[in-house]
Amino acid sequence: MASELYNTIDALSREKGIDPQIVVSAVEDAIVMATRKYYKTQENLRAELDRETGKINAYAVKTVVETPEQVEDPLLQITLEDARKIDPNLEVGGELRTPKATEGILGRIAAQLAKQVIFQKVREAERDTVYNEYIGRVNEVVNATVKRIEGPDIIFDIGKAEARMPRKEQSRLESFAIGERVRVVIARVEKASKGPGVVVSRAVPELVQHLFQTEVPEIYDGTVVIRAIAREAGERTKIAVMSKDKDVDAVGACVGMKGMRVQSIIRELHGEKIDIIEFHEDPVTFAEKALQPAKVSKVTVLDTTNKHLEVVVDDSQLSLAIGKKGQNVRLAAKLLGWKIDIKSEEEKRQEVEQQMSALAPQTATPLENVPGLGEGVVEKLTAAGVTTVEALADMTPEQLEAIEGIGPKTVEKISLAVNNYFAGLEQGSSAEGAAAEGAAVAEGEGAAEGQTSATEASSLGDEITAEMPAVTEEVSGEGLHVEGSPAGGANQHQLGSSEEEPVEEAEQASENKE
């Protein structure tokens, strides 16, 4: 039959969830320390608990060696000859145990020391038990009850141990009352901490994943897979889902009929916003989806190795794409695992213009080409490091006056000379453009006139050709009529007169020509 002391140890072990032998060892170690303190000895002491009687016996233990030369410490070792005088059955390497009286001699101080040792051993054993119990359950969701509130931290009862939720692991939207039951995620297990070794959280993405697995049957059975989650607790969560069945809409399954499924999760998270996005293997398409509700104009992959994207949005969509305090683009970057640079179309246009201007050749005009600058002014400017007209034009009046030997009047002279120089260049460019334009217009008009003349000549030739057969036919007809007509004299006279008229006209034309 077990003693009353052992029954007490057994009850304590069941209460703390530890092995009874650990408590027994703690009691024995406490008796050893109290005995050593009482006897003020450095002997190797050992204590044993008798389960039947409840008595704890203390012993001084010495190791048996063969010869006196092998004895290094008389308190720890004894020769075989001396040991057999006490116990004839001992052999070399054995242990000689000498009893130490403890009953009635250990006072209040020794008892207090034993008590402290027992508490310390039990606390360490309890901590090891908690560590071994929960170290394999990290990221697991458990039901917990609010036990007490210690400053910013909340202490939960998770069954076999207490768990602590620090402020950074809490959601901004949540507050708890003592006795309230909530679901928490085991974030980590701390073995060396003074308080509870388990740290729980409600701000990690694993909580949202567990809630979706609970509310959405398609996720639980594996038809819909959660590929990525990015969360800022109390603000917004983005979750990317993908369907393994082409007939199942992943986003629709998570939203549910009239949003019932996702609304249940939002209530559990006390109103935290949730964006459900369809996952794509293509980072460009995935980035467009992840930046919703903003509309993306263009996505460019800058560096595949370092995972760097550039996103261009309309000027009106820039603030929406960035989000409140950069929240939207920050969550999108976490969701993709890529670095994202967001630019408006105006910023992109300016960047392209700067790149083009950098590629364009830079002209450098010497100061001697400016007519209005005297040699003395040119020398002073050159001495100050200003050698081109372009560099001179970029300087302010204050910068010019800072040059030695140049005053306000000289500054006005320089400004007038530079303005006249650039005005002359613009006029020259305008004149060249106008001359080129005039030459092109003149060439076009000449070609048009030539084409018109050719057209008119062709038309006139066609008219003459069309009239010539008619005249020939008429003359031939009259000739036939003269030969066969009874009134041949009159017709013959007409024919003769018609032949004489062309001769006279030819002679008159010849005289006019002379």
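# Briefing: folds, sheets and salt bridges

Of the 514 residues in the protein, 32% are buried. Keep in mind as you browse that this is a predicted model. The chain forms 17 helices and 15 strands. Among contacts with a separation of 6 or more, 57% are between residues 24 or more positions apart. Here is a friendly tour, topic by topic.

- Arg164 has Val199 in β9 as its bridge partner.

**The open sheet**

- A separate topic is the open sheet of 3 strands, ordered β10-β11-β12, again with mixed pairing. Each of β10 (224–232) and β12 has a single partner strand and stands at an edge, so one side of each has no neighbour in the sheet. The twist here averages 20° from one strand to the next.
- Strands β11 and β12 run parallel, with 6 bridges between them. Lys238 is found opposite Asp275 in β12.
- Helix α9 lies across β11 and β12, running at about 155° to β12. Helix α11 packs on the sheet and touches β10, β11 and β12, with its direction at about 140° to that of β10.

- Helix α9 spans residues 283–290, and its buried residues are Phe286, Ala287 and Ala290. Why do they sit on the same side of α9? They cover an arc of only 100° around the axis, which places them on one side of the helix.
- What do the buried residues of α9 pack against? Their partners are β11 (236–243), β12 (273–278), β13 (296–303), β14 (308–313) and α11 (327–336).

**Salt bridges**

- The structure holds 29 salt bridges, and a few are worth a look.
- Glu48 and Arg97 form one of them, with their closest N and O atoms 2.7 Å apart. Glu48 belongs to strand β1 (residues 44–49) and Arg97 to strand β4 (residues 95–100), so this pair ties together parts 49 residues apart in sequence. Glu48 is partly exposed at 34% relative accessible area, and Arg97 is partly exposed too, at 38%.
- Glu218 pairs with Arg261, the closest N and O atoms being 3.0 Å apart. Because Glu218 lies in helix α6 (residues 217–220) and Arg261 in helix α8 (residues 260–268), the bridge ties together parts that are 43 residues apart in sequence. Both ends are partly exposed: Glu218 has a relative accessible area of 21%, and Arg261 has 23%.
- Asp275 and Arg236 meet in a salt bridge with an N to O distance of 2.9 Å. This pair links distant parts of the chain, with Asp275 in strand β12 and Arg236 in strand β11, 39 residues apart.
- Are Asp275 and Arg236 buried or exposed? Buried means under 20% relative accessible area; Asp275 counts as buried at 17%, and Arg236 counts as buried at 19%.
- Lys147, Arg148, Glu150 and Glu162 are linked in a network of salt bridges.

- Lys343 lies in strand β15 (residues 339–344). Its side chain makes a polar contact of 3.0 Å with that of Glu310.
- Which residues does Lys343 contact, leaving aside its neighbours within four places in sequence? They are Glu310, Val311, Val312, Val313, Leu318 and Glu351.
- Gly323 is in the loop between α10 (318–322) and α11, and it counts as partly exposed at 24% relative accessibility. The C-alpha atoms of Gly323 and Pro293 are 9.8 Å apart, with the two residues 30 residues apart along the chain.

Terms used. Residues numbered from 1 in each chain as written. Predicted model: local features only at pLDDT ≥ 70, side-chain atom pairs only at ≥ 80, totals over all residues. Heavy atoms only, no water. Buried < 20%, exposed > 50% of the residue type's maximum accessible area, 1.4 Å probe, protein only. Helix = DSSP H or I, 4+ residues; strand = E, 2+ residues; numbered from the N terminus. Arc of directions from axis to C-beta. Contact = heavy atoms within 4.5 Å. Salt bridge = Lys/Arg side-chain N within 4 Å of Asp/Glu carboxyl O. Pairing = 2+ DSSP bridges. Polar contact = N/O pair within 3.5 Å; in protein donor to acceptor, adjacent residues only side chain to side chain. Axes fitted to C-alpha atoms, helices over the stretch in contact; angles between N-to-C directions.
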